[in-house]
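Please look over the structure below before reading on.

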Amino acid sequence: MKCGIVVFPGSNCDHDCYHILKHILNQETHWLWHKEEANLESFDLVVLPGGFSYGDYLRPGAIARFSPIMNSIVRFAKGGGKVLGICNGFQILLESDLLPGTLIQNQSRKFICKNVSVRIENPDTPFTRQCGEKRVLEIPIAHHQGSYYIDPFSLNQLEENEQILFRYCDTEGNVSAESNPNGSVGSVAGVTNEQKNVMGLMPHPERCADPALAGMDGQIIFKSLISNS
Amino acid sequence: MDKSFLNLLFQIPDTVDKPKKNRPSPEITPEIVKEHGLTVEEFRRILDLIGRTPNLTELGIFSVMWSEHCSYKSSRPYLKKLPVEGPRVLQGPGENAGVIDIGDGQAVVFKIESHNHPSFIEPRQGAATGVGGIMRDVFTMGARPIALMNSLRFGELEEPRTRFLLHGVVDGISSYGNCTGVPTVGGEIYFDACYNGNILVNAFCLGLVKTDRIFLAGAGGVGNQILYVGSKTGRDGIHGASLLASSEFDETTEDKRPTVQVGDPFTEKLLIEACLELFECDWVVGVQDMGAAGLTSSSFEMAHRAETGVFMDLSKVPLREEGMIPYEILLSESQERMLFVVKPGHEKEALAILDKWGLDAAIIGEVIEESCVRIQFDGQEVVNLPIFPVVDGALDLKRPTKRPEYLDEVVHISLTEFPDFTRGDRALKKLLACPNIASKEWVYEQYDHMVRLNTLVLPGSDAAVLRIKDTNKAIAISVDCNSRYCYLDPYEGAAIAVAEACRNVVCSGAEPIGLTNCLNFGNPEKPEIMWQFQQAVEGMGDACRFFDIPVVSGNVSLYNETKGDAIYPTPTVAVVGLIENQEQVMTQGFKKSGDQIALIGFTMEELGGTEYLKVMFDRSEGKPPVLDRKHEKQVQDFCRELIKKGLISSAHDCSEGGLAVAVAESCFSPGCQTLGATLTLESTLRNDTLLFGETQSRIVVSFPEECINEIKDLAMAFPVDFSLIGKVGGSHFTVTVNGKEVVKQDIEVLKEIWKTSLGNYAGQTT
């Protein structure tokens, strides 16, 4: 699988995504610099990593969406290319209108970094296909503005189209207010577009995909993408 | 500096009154000298050294460079006594940070630094810029920062301002560290009334560098170009070092708020990436962060180190606002700025890299042969000062020392004053709930502690552990200081801080290889404070020599007092350890029901300075625990041997709260499942000392039953005190002493108390 990792000024999980795809999963991986448009035709996956692009000034993702590389990514996505936005990458995809909804400040008004459980809501997408029988993943979150919001009508639509891929839950897979770390509407942790080729999620799968560290559930997402390409 | 002069400075109109070329330098009166924090003797010395009266700008330069904060004039004679050498030391004190070789062509660069006064006045920005400053100290050496830690001290919980300061400081560290993508992997937090009027924020950073790419802060090579990099210079932080950091707090403290700098972590992140790219180029000669005393200290110090001089044209400095005068440009402590020295002919390449990262940059001068700093502004020379008097001219002060009288009142206690208990449940619960012992989860959950994928041991264990990618090695770090011990005996307290930080690192499987310190004390003009300082540095030095740990960097913060009330002496240390094999990383949590629990070391009848006395009797008295260094070394060596041989499943240092708290913490350590434990103790000691005494040199370990004999034989051969004390398992934490039950509590209940106490306090609204 040929992967591209976008580097915005302020991206800080770019090296982590690169490490997992290139060194752990042995995929062909390239950097994509934000200042230039790129020909993405030969790519199978573009990752928008986590971090604080443009210092989160104005609104997370609000400035990054105007980077030249985003023109290429929008074209790539409209053409069916697979795009994965993690954390700040998710925020940028929302600002770019490649995904529906928005992300607001956590209910606690604090940054939260910890392991959480998420339930896979739709195992039949390029991002979740390898989950097998496993329905609850342990993946860390690390964000200040990760509370997903969308109006009730659109939320309903997302549910009907099976666009909600992950919901925060407890270790047994029960979704409740207690297991919702940031106040996301419907406990939504990750969504996809209608075509199911663009996904954004707040949890960081690259943080639990290296055997040297605790937890390997993040590999399921990357392996799903690899098996697809 | 009194308010009138600050007003004069900050009231200079921004745009209306453009700098006049011939603005006359005001006459240097005794009042102006005094407002610059210089004594009459010091001013006379300046006149003698330069042979004329300095102009106002030059006086400003002397003011910051001769301040306590920059010159170390009170502390330097004592610091010389610390051991700074060792086979692994590549760079000791004197540069931006210390460097220790970890083998295979790699080294770790680290330092801890205070940002106490700014954080008390403006907690969010004060703490944030503290983090930014220490990170720049590390990456100026050519290293990529891979870990942040911190040591925080707040006032007692009842003090109304404490909650505000706690929120502000944690928010500042979180917002700055998280944005730069450097994980904050651990630290320590204490609360005590002695910090009510003066909190401590000590920030630590560690970076990784190739041994052949270490950069030093020298302006070598006449004709080389001086390159200014980073944020534009503004009017923030003027006299932060000289006036804020080098005097105690009083009624005018609030007026000093303009001396606090404002941080921009986004620029810092760009600066890290751009600098690391510049360091790949062989035409970069030297680099220095513009920290305390900004452009002034960086230019003078770089020239001083390389025995050269520097010429600068301030008209070329990127400015944030119009109308700034040389005085302000030179003394500004605007954040996220660096000074590079590059070989001529490579300016364009350098500027191209900085432009790629969207950073301001400008060539502002060059290295000259004459040993002086000459500064020009609008075509006129505004500063011409020889290097030596400014950098090294401040006289070391031989401040008088005197043993404080309070010691006679507090060190003698009789245990008979404190009735022993037959049930320890209540004390255990109170200790687990007290904020110095309770889980710091509320704090570290706000820090991104995982980014960069190196964090092997998450916050909440004895030491933070990070792997070194592409090797089998890992680094363990522990920050430590029990300032109550230091208050009761600064010599022993400082030695214990070293011993305990080493013990923490050993418990995670590492060998201690280096230390950095942050010496926080009160007003050095008081003989009693100087005595504390002298004692603590001696205790630290002796302990470092005994354990063979070099001190490679550090920082001194004096004048930590408000209206005459000094903080407890707080000589914080950070010890870095090396683990050769990642398989041998050890954690403090119990792993398996049925495992044996044992204690390495023995318990003595000591209660002085304990958290138990403070929490149960509100007394900070007595002699701190005795540290037998030889015994300590044996205990540490034995523990490391057990880990190396793969015989044990957990190791946890006994510290605040003693044996009972240590075992309880092992029952519910983060990252491990919650397990109960039963301790069966035989002892002639009082119950309180046995359970909650803080005797040093003790480690609680657990291991599978089949390892018992091998471990016992090893202990005999070593020799080291070793006793089986109980078993892991069950749903309760139970302690029996001489056959009588002393504690029995549901482990989930204890865990809940410990886990939620600090968060509950922080979340309350008043």
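## A sheet in chain B

In this predicted model, strand β3 (residues 106-114) and strand β6 (residues 200-210) of chain B run antiparallel and are joined by nine bridges. One of the residues involved is Glu113(B), whose bridge partner in β6(B) is Ala203(B).

Both strands belong to an open sheet of six strands in chain B, with the order β1-β2-β3-β6-β4-β5 and mixed pairing. The edges are taken by β1 (89-91) and β5 (184-191) of chain B; each has a single partner strand, so one side of each is left without a neighbour in the sheet. On average, and with direction ignored, neighbouring strands of this sheet are turned by 20° against each other.

## Helices on the sheet

Helix α8 (residues 123-139) of chain B packs on the sheet, where it touches β3, β4 (144-154) and β6 of chain B. The direction of α8(B) makes about 25° with that of β6(B). Helix α9 (residues 160-180) of chain B lies across β4, β5 and β6 of chain B and runs at about 175° to β4(B).

How do the axes of α8(B) and α9(B) cross, and at what angle? They come within 7 Å and cross at roughly 40°, and the crossing is right-handed. Residues that make the contact include Ala128(B), Val131(B) and Met135(B) of α8(B), and Leu165(B), Val169(B) and Ile173(B) of α9(B). By class, the contact of α8(B) with α9(B) has nine nonpolar, eight polar and two charged residues.

## The nonpolar core

The largest nonpolar core has 313 residues. Those that touch the most other members are Val109(B), Val138(B), Leu206(B), Val498(B) and Ala574(B). Helix α20 (residues 490-507) of chain B gives the most to this core, with 12 residues.

Leaving aside neighbours within four places in sequence, the residues in contact with Val109(B) include Ala97(B), Val99(B), Val138(B), Met141(B), Leu206(B) and Val209(B).

## An enclosed helix

In helix α24 (residues 658-667) of chain B, 10 of the 10 residues are buried, so the helix is largely enclosed by the rest of the structure. Among these buried residues are Leu659(B), Val661(B), Glu665(B) and Cys667(B).

## Contact between the chains

The contact takes 23 residues from chain A and 23 residues from chain B. On the side of chain A that touches chain B, the elements giving two or more residues are α1 (14-24), β6 (112-120) and β7 (136-143) of chain A. By class, this side has 12 nonpolar, six polar and five charged residues.

Key:
Residues are numbered from 1 along each chain as its sequence is written. Chains are lettered from A and ligands numbered from 1 in the order in which they are written. This is a predicted model: local features need pLDDT of at least 70, side-chain atom pairs count only at pLDDT 80 or more; totals for chains, interfaces and linings use all residues. A nonpolar core is a set of buried Ala, Val, Leu, Ile, Met, Phe, Trp, Tyr and Cys residues joined through C-beta atoms within 7 Å. A residue is buried if 20 or more other C-beta atoms lie within 10 Å of its own, exposed if 12 or fewer, and partly exposed in between; C-beta atoms are placed from the backbone. Helices (H or I, at least four residues) and strands (E, at least two) are DSSP runs, numbered from the N terminus. Two residues are in contact if their C-beta atoms, placed from the backbone, lie within 7 Å. Ala, Val, Leu, Ile, Met, Phe, Trp, Tyr, Cys and Pro count as nonpolar, Asp, Glu, Lys and Arg as charged, and the others, Gly among them, as polar. Two strands pair if DSSP finds at least two bridges between them. Axes are lines fitted to C-alpha atoms, for helices over the stretch in contact, and angles run from 0 to 180 degrees between N-to-C directions. A crossing is left-handed if the near helix is turned anticlockwise from the far one by less than a right angle, and right-handed if clockwise.
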